[in-house]
Amino acid sequence: MSNKPIFLVTHPRACSTAFERVFMTRRDILTCEHEPFGDSFYYGPERLSERYANDEASREKTGFSKTTYGDVLNRIKKDNSEGKRVFIKDMAYYLMPPNGESPTIAPSLRKSNDYVEEGNPTIVPLETLKQFHWTFLIRHPRRGIPSYFRCCVPPLDEVTGFKEFMPNEAGYVELRRLFDYLREQKIVGPSMAGEADGHKEGEITVTVIDADDLLDHPEPVVKAFCKETGIPFKPDMLTWDDEANQEFASETFAKWNGFHNDAIRSKSLTARTTAHKTVTEESENEEWRQKYGDKAQKVIRACVDENFPHYEYLKSFVLKF
């Protein structure tokens, strides 16, 4: 079984912070890193995002305006050397330039100024990608994308600081590209999570979780994830209704204010008691139109439709429950 740092890679609004809270209860054996690469993606000198390109004051205010990708990886390496295994939850798109632009290895991670890696879709060298135990979490875009849109418009945008919905932050296509590259390089797979046997020694299985399964079957999903990653499972990992856990979560999630309110207020991860209602494209459009207006509805629909094929592709690899 791999003892590498666990990297749960995902896209926005995939219930990933609720999932992360499960592993934050295991501070006896794990050190959780909450979306560390966002520091360099949005704010640092190697930033790839356009979101704060013309807002130096906001970048400075975060305290991460000088944080490079190398700084983030060095912090993870240091934490992983202190006796506990690191658990990282982060976005695939933080590791790639937006809009499908050609990636180059981040300056702080290059072996030389002219160093390139053909075929690598990320700005992180292949030898560094090999250092992690990769896992994946997805959610249907008809739920993930409207949820993200809500965080980028009034009134919530005043809290999050994200003043505009940017479709290139949906994150599905980047997650698919990363997933395919890691499989191509045999960093994960070929064995699938949940297979009874056939794993090679040290092999990292293809472990993909769908958020709907997590919400419907939290304990079986967490137990299966723990089995694939080598984390000792305890049933009380799914409960954090105590002051120490709540304070730790509030501090950990503070840098992404407004995005994780539900996860902060939660006390446990229990199976939802009501099934998703049956919806049609027309009923979805009408719901989004009533909430956000005609123009916004069209933007959401276009983004959902664009990302649905990537979700469906990744879903073909999910653990079955």
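This is a predicted model: local features need pLDDT of at least 70, side-chain atom pairs count only at pLDDT 80 or more; totals for chains, interfaces and linings use all residues.
Stop 1: Show the strands first. You will find 5 of them forming an open sheet, in the order β2-β3-β1-β4-β5, with parallel pairing. At the edges sit β2 and β5 (208-210), each pairing on one side only. Direction aside, neighbouring strands here are turned by 20° against each other on average. As background, strands of a sheet pair through backbone hydrogen bonds, either parallel or antiparallel.

**Stop 2: β2 and β3.** Select residues 30-34, which make up strand β2; 4 of its 5 residues are buried.

**Stop 3: β1.** Next, pick residues 6-10 for strand β1, which pairs with β3 in the parallel sense over 5 bridges. Highlight I6 here, and look across to F87, its bridge partner in β3.

**Stop 4: a helix across the strands.** Select residues 69-80 to bring up helix α4. This helix lies across β2 and β3, and runs at about 150° to β3.

**Stop 5: two cysteines.** Finally, select C32 and C226. How many disulfides are there? The count comes to 0. For C32, the nearest cysteine sulfur is that of C226, 11 Å away, whereas a disulfide needs the sulfur atoms within 2.5 Å. C32 is buried, with a relative accessible area of 15%. C226 is buried too, with a relative accessible area of 2%.

How values were computed: Residues are numbered from 1 along each chain as its sequence is written. Side-chain values use heavy atoms; hydrogens and water are left out. Buried means under 20% relative accessible area, exposed over 50%, partly exposed in between (1.4 Å probe, protein chains only). Helices (H or I, at least four residues) and strands (E, at least two) are DSSP runs, numbered from the N terminus. Two strands pair if DSSP finds at least two bridges between them. Axes are lines fitted to C-alpha atoms, for helices over the stretch in contact, and angles run from 0 to 180 degrees between N-to-C directions. Contact means heavy atoms within 4.5 Å.
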